Amino acid sequence: MNKEKYLRLLSLKYPNIRAATSEIINLNAILRLPKGTEYFFSDIHGEYESFLDLLKSASGTIREKVKLLFENVMTEKEQEEFAKLVYYPREVLGQMEFLKTEYGYWERITIFRLVLLCRETSSKYTRSKVRKKLPIDYAYAIEELLNVNHEDQDKKVYYNEIIHSVIDSGAGKDFIIALCKLVQQLCVDKLHIIGDIFDRGPRADIIMNELMTFPDIDIQWGNHDISWMGAVCGNEACIANVLRIALSYNNYDLLEDGYGINLRALSIFASETYHSDPCSAFYPRLLDENKYDNVDTSLTAKMHKAITVIQLKLEGQLIKRHPEYNMDERDCLNKVDSKMRRVIVEGIEYPMIDMNFPTICWEHPLELSDGEKELINILRISFVHSELLNRHVKFLYSHGSMYKCVNSNLLYHGCIPMEEDGSFTKVQFKEEIYSGKPLFDFFNQQAQNAYFLPENDSDKQDAVDIMWYLWCGKNSPLFGKSKLAVFEKYFIADNSAAVEQYNPYYRLSNGARVCTKILEEFQLDIDKSHIINGHVPVKIKEGEHPVKAEGKLYVIDGGISKAYQSKTGIAGYTLIFTSHHLALAEHKIPSKGLSNLLGTKNDFQPVSPAIYITEKMPRRIMVADTDVGRELAERIEDLKMLVTAYKEGEIRESEIRGYD
Ligand SMILES: O=P(O)(O)OC[C@H]1O[C@](O)(COP(=O)(O)O)[C@@H](O)[C@@H]1O
Ligand SMILES: [Mn+2]
């Protein structure tokens, strides 16, 4: 756009010198504020209770602020009760049994204390930023309360008046809820999710609903997320895969209650096809109980086997369609010698532990039976049309990507595929060869194409297929392992056949030199920047540490996922980036959540992690030093140009606004 056209558009918003100048002053003020606090989480894996605890408590930060403010007027127990209210106001209020007279007093003092907490948490933001986070209904009242000067006697009366009128009008509870939510949102200014929201734990859908309420959030897709996205794009191998994992963890509530995926056809097909098969290797892991949909485990095992066989066939077909994936080795069904009941994997022969495959014709092992064809078709329709799942996937697209550079940090879930010598692996798709950043960009574009291209576009199918490659391909930055040993885990007794080798990245990135090379590849300042990954559980109890490469790399998969806590020894990490420092909050097992709060009242354990400062900033980081700050500085320059244009008569000033 040419300069004059651009300034004319800008003049619609700032129609005269006064308006433009006052915006310049505002923006300059914002630049001089400390930057907001950023929170990083990864590998949440459907654990909605623990995750909501961490999010709503700002990983222990709110508890610290409560202590700071009220240590002298509240006992430890009262502080804990108060913090509990801030995290789960609706639930706590629903539980309260007070005499009417006591309640009125409690409501007043609670509002008063919450306002103090809001003031403390909002102190480093401009009024305008706080205003944007205010709930519409109470914006005016809250803003007044936050900004009243307590020294002034008249103002104090005014302050009390506001609180009284809120209570008198019967809005006390709602007002308390609004203040609590505001504290939560003020504490976590920016939220970064480094992938793997889905699979294993009970309710990824509840996590997504919560994330969608967050004003400032970005998501770097994990391999598990991309496989759900692929499923919604209609990739049948991905559909079979997400169902297989969900069944293996007994996640019926997520599938049926959450996403409305109808499993009737699968259960009928499985119980008929595998009626006398014990399906022993397919019993689900029972880490959580379903609240709504309970299916007996022997039927689940049959459904699990049915979908696994379908998945192996569909994967084999995909591999045949795409020789460029170089994944022939993963076409395992074609490596089975059905007569000898043996299979050859990576050149080694193993006995098969199970040869009951009523739907496989060994002449053409990848062909779906008629029943399987009909079934996968029904399931595909269910996934592609699930309304809530589509909303969630759209959000993953609008707020997510393969990687992100933000405030001097490089965020991605898994790895940059690398050779043993530290060079970026060159990967060929069609005629093009990609490596390093261009490989990420290529996959990012393909993921977009998979969902957004119209059905009749000739590039659509390849893009939809690549979603499966991103889930488990050797050179997928989201996966980064030599193979995903689905077949071996179910059908070979020897565990060594199921070993998945990590890409050399995972060893080489422990060295600062390789991390520097990666940061340079993404044009980041090598002295200030960090790489932030998830994907690989950090085995703390075996002496591993999340901070690597002389502080340049953070791996923050600490095991929020219950299934992995025995490996890591903790219940997850939160990386916290304030204006002063980078810190890791290390969460203890068990993080007792909402269900405890609602069950036995006294059993609630507040989130109180061990917090370690891992890097102090040489000086306080201000908004001016951040990406947003750079955008604001540009806007200031533009506004200055506009002021000059007004002064020189190039554009005429006006009082009225453009289009509104
Ligand atoms: O422990 P589970 O749920 O059976 O999953 C094991 C599988 O998950 C994977 O680790 C991928 O999941 P992550 O991205 O969470 O590591 C595979 O490599 C592995 O085969
Ligand atoms: Mn992962």
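Helices are taken as DSSP runs of H or I of at least four residues and strands as runs of E of at least two, both numbered from the N terminus, and the expected span of a helix is 1.5 Å times one less than its number of residues. The model is predicted, so that local features need pLDDT of at least 70 and side-chain atom pairs count only at pLDDT 80 or more, whereas totals for chains, interfaces and linings use all residues. Residues are numbered from 1 along each chain as its sequence is written, with chains lettered from A and ligands numbered from 1 in the order in which they are written.

The protein contains 27 helices and 17 strands, and its C-alpha trace spans about 90 × 70 × 50 Å along the principal axes. Of its 660 residues, 43% are buried, that is, have 20 or more other C-beta atoms, placed from the backbone, within 10 Å of their own.

Helix α14, formed by the 13 residues 236–248, reaches 18 Å from its first C-alpha to its last, close to the expected 18 Å. This helix is mostly covered, with 13 of its 13 residues buried, and is followed by N250, whose phi is positive, near 60°.

An open sheet is formed by three strands in the order β4-β5-β6 with antiparallel pairing, where two strands pair if DSSP finds at least two bridges between them. Because β4 (336–337) and β6 (348–351) stand at the edges with a single partner strand each, one side of each is left without a neighbour in the sheet. Strand β5 (residues 342–345) is joined to the antiparallel β6 by four bridges, and V343 has Y350 of β6 as its bridge partner.

Note on methods
Buried ≥ 20, exposed ≤ 12 C-beta atoms within 10 Å, placed from the backbone.
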